[in-house]
Amino acid sequence: MNKNDLIVVLTGAGISAESGIKTFRDYDGLWENHRVEDVATPEAFDRDPVMVWRFYKERYFQSLDVLPNAGHYALVDLEKHFGDNFLLITQNVDGLHERAGSKRVLEMHGKLLTCFCVGCKANYKMNEVDLNPEIPTCPACGKFLRPDIVWFGEMPYFLEEIYQALKKVSVFISIGTSGHVYPASYFIAMAKQNKAKTIGVNFERPENNIFIEEFHQGKAGELLPELVKEWIGDL
Ligand code: NAD
């Protein structure tokens, strides 16, 4: 890869699997034994905010308990090499890329570390609010807070920035994502349409496999350290 190439990386739950966070599709499309419709839709929150909050409090505390793995750190090295010609888009909400040291990262599905008020929209770090009530409330206006997660049916964050990058990308690398969740599953097709080289790193062939030119099958934490050395010409 040339240092002037724009490298765009898309990660999904698979890159955090070796940190101990279950992927989404580990158990027949369940997320930690919950159906997505029950915990990851605005309708679920309207219907049962106590249950939805219980789920995300567990995910939040779990994310604080785990550590980034070799896959996350390899992407930090890739970013150090390419600098402003690097963009990391993640579907993950666990904050592990930032904790590993990634700087140019767009968390398109939100993050477990923050929440916001359904009334005044004020945004808070989870550790700034009282999480003891079953449904935490806004310190400013008293309305319900909700997790800062983009649920199914909601608009992902940073889409404009992402689409701009996909117009200019030279190499698109998809890691640890099943290719099921739209629109992220479609980014690789857009990159390919714009003549980018496409690379996949995944435990199994993903749903959008037909758009991948070069596929590396295995665990991200095991494969990425060597692959990144290869990509930056350091082998
Ligand atoms: P997914 O669970 O649908 O797919 C994960 C993919 O990673 C699978 O194809 C699996 O074969 C692969 N995989 C598993 N272990 C791997 C490893 N060690 N190395 C490489 N690949 C591995 O995940 P998705 O496509 O990201 O979609 C899930 C959605 O659920 C996302 O939108 C995300 O917001 C949310 N989610 C996030 C987390 C997290 O933040 N860690 C965890 C679960 C779900």
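Let me start with helix α1, residues 14-17, which gives the most to the shell around the ligand, with 3 residues. Helices here are DSSP runs of H or I with at least four residues, strands are runs of E with at least two, and both are numbered from the N terminus.

Before going on: this is a predicted model, where local features need pLDDT of at least 70, side-chain atom pairs count only at pLDDT 80 or more, and totals for chains, interfaces and linings use all residues. Residues are numbered from 1 along each chain as its sequence is written, and side-chain values use heavy atoms, with hydrogens and water left out.

Now the shell. Of the 27 residues around the ligand, F24, Q91, D94, T177 and S178 come nearest; a residue counts as near if one of its heavy atoms lies within 4 Å.

Next, the polar contacts, meaning pairs of N or O atoms within 3.5 Å. In the side chain of D94, an N or O atom is 2.7 Å from a nitrogen atom of the ligand. For N202, again in the side chain, the distance to a ligand oxygen atom is 2.9 Å. F203 uses a backbone N or O atom, 3.2 Å from a ligand nitrogen atom. The ligand alone exposes 860 Å², and the protein buries 94% of that, by the Shrake-Rupley method with a 1.4 Å probe.

Two backbone details remain. Y182 and P183 are joined by a cis peptide bond, with omega about 5°. P183 sits in the loop between β9 (171-175) and α8 (184-193). K121, not a glycine, has a positive phi of about 70°, and its loop runs between β6 (110-117) and β7 (123-125).

How values were computed:
A polar contact is a pair of N or O atoms within 3.5 Å; within protein, one must be able to donate a hydrogen and the other to accept it, and residues adjacent in sequence count only if both atoms are side-chain atoms.
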